[in-house]
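Trainee: Please take me closely through the packing inside this model, with the cut-offs behind each term.

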Amino acid sequence: MASLEPRPFRRTGRPEPQYPILKNMHSGPKQPHAGKAGELALGEVALLKQIRARAAQLSRGTAHGGLRLGIGDDCALLRLGAGEVLAMTTDLSISGRHFRLDWQTPESIGHRTLARGLSDLAAMGARPVAAFLSLGLPKELVQNAKGREPWPSKKNWFDRFFNGFFALANAFQTPLAGGDLAESPMAVADVVLVGAVRRGKALLRSGARPGDLLYVTGTLGGAAAGLARLAELAGGDRKGRSGPPRIPAKLQSLLAPLLSPQPRIAQGLWLAQRGLASAAIDLSDGLSTDLAHLCAESAVAAEVDAAALPVHPGATLEQALHGGEDYELLFTSSPEARVPRRIAGVAVTRIGRVVRRRKDRPQVALVAAQGRQPLARHGWEHFS
Ligand SMILES: [Mg+2]
């Protein structure tokens, strides 16, 4: 993940043009471009300049305690508060796996790229300090509709991706402090989030104990329900139009959890500061899968009450149990803890309990009127 210094082109041996290199947000060594010499480099410099300007604007507009030096040098410099430790996470988003260029708008893909990382910070009770973003993009995504000039156009994919990314970064006061950019046959976005958490206060997956109660923020299944609806819209009669389908106004709220999930940073911080959660995880792969992760790390089992689940309006129980990408927090608290019904404006629902692990019982069980059944992991799993 180390930054790569620009090097002379391999094939021609010509040195790279001496543009003001935006270190800590630059491409690595690259193959010579098939077109005019330097074309790619010029486009890239323009792109990087634009990102740097936008990142600087964001840094000026918000109170970023932690960022001392952002894009422009070899490394970013970040400062932590006294008694804080770093919380770091990386999330890879790949076209066709985590997003679809023909289904989702560039704004939504930019938003979700950052939201995934922020949600991991939320799950640890960390505050965001800075984000780093590496993008690999096919050339056509950085060109405008008219042709070859890569910049500027309000219409190109690249610009719109950053509209979504920076809108969320702004809302959560997370400056973009560096990254990397390369031409790629497939769109790939890798985000690294740096956060800070008070020493000894981080919310871990491993702290749940038998007797603890199980809670979630917000509602479940919204992203899966939205995805099913979006698939219908994308597969319907498009009258020859390509690109993401237009979302009718009446479907905006149904699709919001999918297209612009809100990371629960404030709720994670609230829980960490008060020491109210014994364990926590964010729901990225689906309740059945993420709860199993939490149980495994805590060496406990859990029971979920089907009737208690806050199923998103328009979603099914199945989607609430197994649909991923809700980015809500799942946490456990001791039965003595006073967990409020809302934290920082978001509903909190008790959905079950932590129990002792037994060989003859499933690790996660669903308790419904018909009785108790094992809740198998049907969430998102790679390489499965
Ligand atoms: Mg996570």
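Mentor: A nonpolar core is a set of buried Ala, Val, Leu, Ile, Met, Phe, Trp, Tyr and Cys residues joined through C-beta atoms within 7 Å. Buried means that 20 or more other C-beta atoms lie within 10 Å of a residue's own, against 12 or fewer for exposed and in between for partly exposed, with C-beta atoms placed from the backbone. The model is predicted, so local features need pLDDT of at least 70 and side-chain atom pairs pLDDT 80 or more, while totals for chains, interfaces and linings use all residues. Numbering starts from 1 along each chain as its sequence is written.

The largest nonpolar core has 94 residues, and those touching the most other members are A131, L203, A280, A302, L330 and F331. This core lies between domain 1 (25–198) and domain 2 (205–237 + 254–374), because both give residues to it; the bounds come from an automatic or database domain assignment. Beyond its neighbours within four places in sequence, A131 is in contact with residues including L114, G117, A169 and V191, where contact means C-beta atoms, placed from the backbone, within 7 Å.

Now a helix pair. Helices are DSSP runs (H or I, at least four residues) and strands likewise (E, at least two), numbered from the N terminus. Helix α2 (residues 106–124) packs against helix α6 (residues 265–274) at about 15 degrees, with axes 7 Å apart. Axes are lines fitted to C-alpha atoms, for helices over the stretch in contact, and angles run from 0 to 180 degrees between N-to-C directions. That makes α2 roughly parallel to α6 (under 35 degrees; over 145 is roughly antiparallel, 65 to 115 roughly perpendicular, the rest oblique). L118, L121, A122, A123 and M124 of α2 meet I265, Q267 and G268 of α6.

Methods: Contact = placed C-beta atoms within 7 Å.
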